[in-house]
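The notes after it are meant for someone meeting it for the first time.

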Amino acid sequence: MVSGTLNELTSDLAPLRAAIEEQLNRFTSAHEGCPERLTSAIRYSVLAPGKRLRPLLCLLACEAVSGDWKAALPAACAIEFIHVYSLIHDDLPAMDDDTLRRGRPCCHIQFDEATAILAGDSLQMLAVQVICQELAAQPARESLRILSEAAGRGKLVGGQQDDLAAEGRFGPVDMLGLEPLEFLKSIHRRKTSALIEASLQLGGVAGGATLDHLRSLSAYGAAIGLAFQIVDDCLDVESTAEQLGKKTRKDSELGKLTYPSLLGLESSRALAEQLVSEALAAVAVFKDRGERLTQLAQFVIERKV
Ligand code: GRG
């Protein structure tokens with residue numbers, strides 16, 4: 001068990017959170033040619049009270065390799081833009097058909113479907129733009145490689161497609177020849193972990209990480225990414241919509257494959273614990289500079305929202 005309470009970590013991370021909010025606000029301000037309704041929808045979604053897990057991981061990865069987190073702020077915003085786009089599109093009637101996100105009406109409810117689609121589209125390109133604009137040529141190229149891979153058809157988008165397929169949306173479910181648990185992991189490695197892993201890698205690139213350090217950050221990211229998803233599935237069963245700020249028990253209503261449905265709650269939580277231990281082992285190499293990554297990993301499984 002890592003020392004420190006959630007409150008201590010939260011106040012410790014307050015300056016990082018404040019810097020993230022400031023930059024998200026700056027990068028989403030009114031832009032020439034962008035209609036006011038679209039700017040409003042983008043800002044409504046981005047500036048809503050999210051946990052900022054991915055941008056925080058990005059900053060802490062930079063801190064682990066260089067001792068300072070500030071160089072990773074543009075990359076941290078870029079990853080949050082991709083994440084928010086994915087949430088907006090995931091909530092659309094054609095996908096998950098949700099009404100509540102981050103404790104507020106979803107973007108397509110607050111505005112309209114077309115505006116929500118376009119807000120998501122804009123955020124993808126805003127992520128690219130921020131990286132090209134704010135980073136030097138070499139780290140920008142490397143960061144775009146990482147981001148486009150993680151957010152692309154083989155990871156985030158492909159994982160989402162298979163997640164919808166697993167609901168039987170496109171006909172009989174094809175588990176790609178895998179056992180149910182492995183099929184579920186394959187979906188979540190792509191849909192959830194890939195972006196979390198990319199957050200760590202982008203932070204590493206911003207901090208000038210060596211290849212070995214990038215590998216350690218990736219191993220940490222992949223492990224806590226999967227742990228995060230397992231906890232997400234558990235919270236969907238254990239919590240109320242008021243606690244989570246989004247609809248709960250949708251998975252079981254849809255008869256979806258989840259960790260609790262396959263393993264039960266106790267074994268699911270045990271698997272998440274094991275993954276967090278793997279994540280901690282991966283960042284031990286950073287010694288003191290990796291302390292906050294260590295603490296954050298613990299809170300991924302202790303979180304209540
Ligand atoms: C539409 C291409 C496309 C992908 C959608 C984001 C996503 C993929 C699906 C969301 C469904 C879901 C419940 C995924 C589980 C993990 C996850 C991404 C949770 C939401 O992330 P949090 O909890 O959200 O970090 P906040 O609002 O705190 O940023």
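## Before we start

This is a predicted model, where local features need pLDDT of at least 70 and side-chain atom pairs count only at pLDDT 80 or more, while totals for chains, interfaces and linings use all residues. Residues are numbered from 1 along each chain as its sequence is written, and side-chain values use heavy atoms, with hydrogens and water left out.

A word on names: helices (H or I, at least four residues) and strands (E, at least two) are DSSP runs, numbered from the N terminus.

## Helices α10 and α11

Two packed helices are described by the angle between their axes and the distance between the axes. Here, α10 (residues 180-206) and α11 (residues 211-238) pack at about 140 degrees, with axes 7 Å apart. Those axes are lines fitted to C-alpha atoms, for helices over the stretch in contact, and the angles run from 0 to 180 degrees between N-to-C directions. That angle makes α10 oblique to α11. The label comes from a simple scale: under 35 degrees is roughly parallel, over 145 roughly antiparallel, 65 to 115 roughly perpendicular, and the rest oblique.

Contact means heavy atoms within 4.5 Å, and on the α10 side the residues involved include Lys-185, His-188, Ile-196 and Leu-200. From α11 come, among them, Leu-214, Leu-217, Tyr-220 and Phe-228. Overall, the residues of this contact between α10 and α11 split into ten nonpolar, nine polar and five charged. In that count, Ala, Val, Leu, Ile, Met, Phe, Trp, Tyr, Cys and Pro are nonpolar, Asp, Glu, Lys and Arg are charged, and the others, Gly among them, are polar.

## Helix α5 and its partners

Next, look at helix α2 (residues 14-27), which packs with α5 at an angle of about 70 degrees, the axes being 10 Å apart. The two helices, α2 and α5, are therefore roughly perpendicular to each other, and their crossing is right-handed. Ala-19, Ile-20, Gln-23, Leu-24 and Phe-27 of α2 meet Leu-73, Pro-74, Cys-77, Glu-80 and Phe-81 of α5. The residues in this contact of α2 with α5 are eight nonpolar, one polar and one charged.

How do α5 and α9 cross? Their axes come within 12 Å and cross at roughly 25 degrees, so α5 and α9 are roughly parallel to each other. In this contact, Ile-82, Tyr-85, Ser-86 and Asp-90 of α5 meet Leu-156, Val-157 and Gln-160 of α9. Sorted by type, the residues of the contact of α5 with α9 are four nonpolar, two polar and one charged.

## A covered helix

Helix α9 (residues 156-166) is mostly covered, with eight of its eleven residues buried. Buried means under 20% relative accessible area, exposed means over 50%, and partly exposed is in between (1.4 Å probe, protein chains only). Among the buried residues of α9 are Leu-156, Gln-160, Asp-162, Asp-163 and Leu-164. The cover over them includes α5 (73-91), α8 (137-150) and α10. Just after α9, Gly-168 has a positive phi of about 85 degrees.

## An aromatic pair

How many aromatic pairs does a search of the whole structure find? The search finds one, with rings of Phe, Tyr and Trp (its six-membered ring) pairing if their centres lie within 6.5 Å; planes under 30 degrees apart are stacked, over 60 edge-to-face, and the rest tilted. The pair is Tyr-44 with Phe-111, edge-to-face at 5.5 Å centre to centre and 75 degrees between the planes. It links distant parts of the chain, 67 residues apart: Tyr-44 sits in helix α3 (residues 36-46), and Phe-111 in the loop between α6 (107-110) and α7 (113-134).

Tyr-44 counts as buried at 17% relative accessibility, and Phe-111 is buried at 18%.

Ala-272 lies in helix α15 (residues 265-283) and is buried, at 1% relative accessibility. Leaving aside neighbours within four places in sequence, Ala-272 is in contact with Ala-227, Ile-230, Val-231 and Ile-301.

Asp-97, in the loop between α5 and β1 (100-101), has a positive phi of about 50 degrees although it is not a glycine. Asp-97 counts as partly exposed at 48% relative accessibility. Arg-102 also has a positive phi, near 55 degrees, and is buried at 15%.

Definitions and conventions. A crossing is left-handed if the near helix is turned anticlockwise from the far one by less than a right angle, and right-handed if clockwise.
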